[in-house]
Amino acid sequence: MTPISHHMTDDILADYADGRLAQAFAVVVAAHISICDECRARVEAADTLGGVLLQDSDGVAMSADRRDRMMAALDQPVHDPIAIGPSGIFPGAVMQALNGNPPRWRMLGGGIRQQILIDDNKGSLRLLYIPPGRAVPEHGHQGIEMTLVLQGSFSDSAGRFGRGDVELAHDDVNHQPIADPGEACICLAATDAPLRFNALIPRLLQPLFRI
Ligand SMILES: [Zn+2]
């Protein structure tokens, strides 16, 4: 297997370790670190560092905000225990989001399939299945998109992304990922804005209400 070459940023791993990520993104990070030894070690280091800072914080400079966050973090499991194990290409965090079931793909056209796993006001999370040679569909998002490859690979202007690789794309990045030849590409993708699809239906219905 090709080694992982596209990783999470330190900021994202620190936010994950502190429990500050929206669930959609936390699932992607949990899935990545279950595959990536390097990022898992960095999260463990961040956890240890947090503990050391807390121990050393008696009377010394630690922002009230950070202290409050740490105290809150102590009261709840930072990383939700993953009760469901991995299955095939799907890490435990993904199987948990699937409630232990295989994906129930919905056809999007052109052989592309998806299953929405999370869609709330903090973000959306979906599995995408892209046949070899197909472009990842435009799925309107604003803000950041975090995509983890679980099977196969895709390529775009930022390079080639294989199993375990994560692409962090902002809406100002013009990228059109295309699944490489060979195996179908299966990705886990989180965005921090509701799916544009959700806004589209009210827009389509709007004229009907103007009778
Ligand atoms: Zn990594």
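**One residue, then its surroundings**

Mentor: Start with Ser124, which sits in strand E3, residues 123-130. Strands (E, at least two residues) and helices (H or I, at least four) are DSSP runs, numbered from the N terminus. Keep in mind that this is a predicted model: local features need pLDDT of at least 70, side-chain atom pairs count only at pLDDT 80 or more, and totals for chains, interfaces and linings use all residues. Residues are numbered from 1 along each chain as its sequence is written, and side-chain values use heavy atoms, with hydrogens and water left out.

Is Ser124 buried or exposed? Ser124 counts as buried because its relative accessibility is 1%. The cut-offs are these: buried is under 20% relative accessible area, exposed is over 50%, and partly exposed lies in between (1.4 Å probe, protein chains only).

Now look at its side chain. It makes a polar contact of 2.8 Å with the side chain of Thr191. It also makes one of 3.4 Å with the side chain of Arg126. A polar contact is a pair of N or O atoms within 3.5 Å; within protein, one must be able to donate a hydrogen and the other to accept it, and residues adjacent in sequence count only if both atoms are side-chain atoms.

Go on to another strand. His170 is in E7, residues 166-170. His170 counts as partly exposed, because its relative accessibility is 42%. Its C-alpha atom is 4.5 Å from that of Ile144, although His170 and Ile144 are 26 residues apart along the chain.

Phe154 is buried, at 2% relative accessibility. Phe161 is buried too, at 2%.

Turn to the zinc ion. Its protein donors (N, O and S atoms within 2.8 Å of the metal) are His7 (ND1), His32 (NE2), Cys36 (SG) and Cys39 (SG), at 2.1 to 2.3 Å. The angles among the 4 donor atoms run from 94 to 130°, and the site is tetrahedral (four donors, all angles between 85 and 135 degrees). The sequence spacing of the donor residues is H-x24-H-x3-C-x2-C. His7 lies in the segment before H1, and Cys36 lies in the loop between helix H2 (23-35) and helix H3 (37-55), so the pair ties together parts that are 29 residues apart in sequence. His7 is partly exposed, with a relative accessible area of 21%, whereas Cys36 is buried at 2%.

Helix H1 covers residues 10-17, with Ile12, Leu13, Tyr16 and Ala17 buried. Seen down the helix axis, these buried residues of H1 fall within an arc of 135° (taken from the directions from the axis to the C-beta atoms), so they line one face. The face turned away from that side carries exposed Asp10 and Asp11. Gly19 follows H1 and has a positive phi, near 70°.

Cys187 is in none; the nearest cysteine sulfur, that of Cys185, is 3.5 Å away. Cys187 is buried, with a relative accessible area of 2%. Cys39 is buried as well, at 0% relative accessibility.

Methods
A disulfide is a pair of cysteine sulfur atoms within 2.5 Å. Donors are N, O and S atoms within 2.8 Å of the metal (3.2 Å for Na, K and Ca); water is not among the atoms, so sites may look incomplete. Four donors count as tetrahedral if all angles lie between 85 and 135 degrees; four count as square planar and six as octahedral if opposite donors are over 155 degrees apart and all others between 65 and 115; anything else is irregular.
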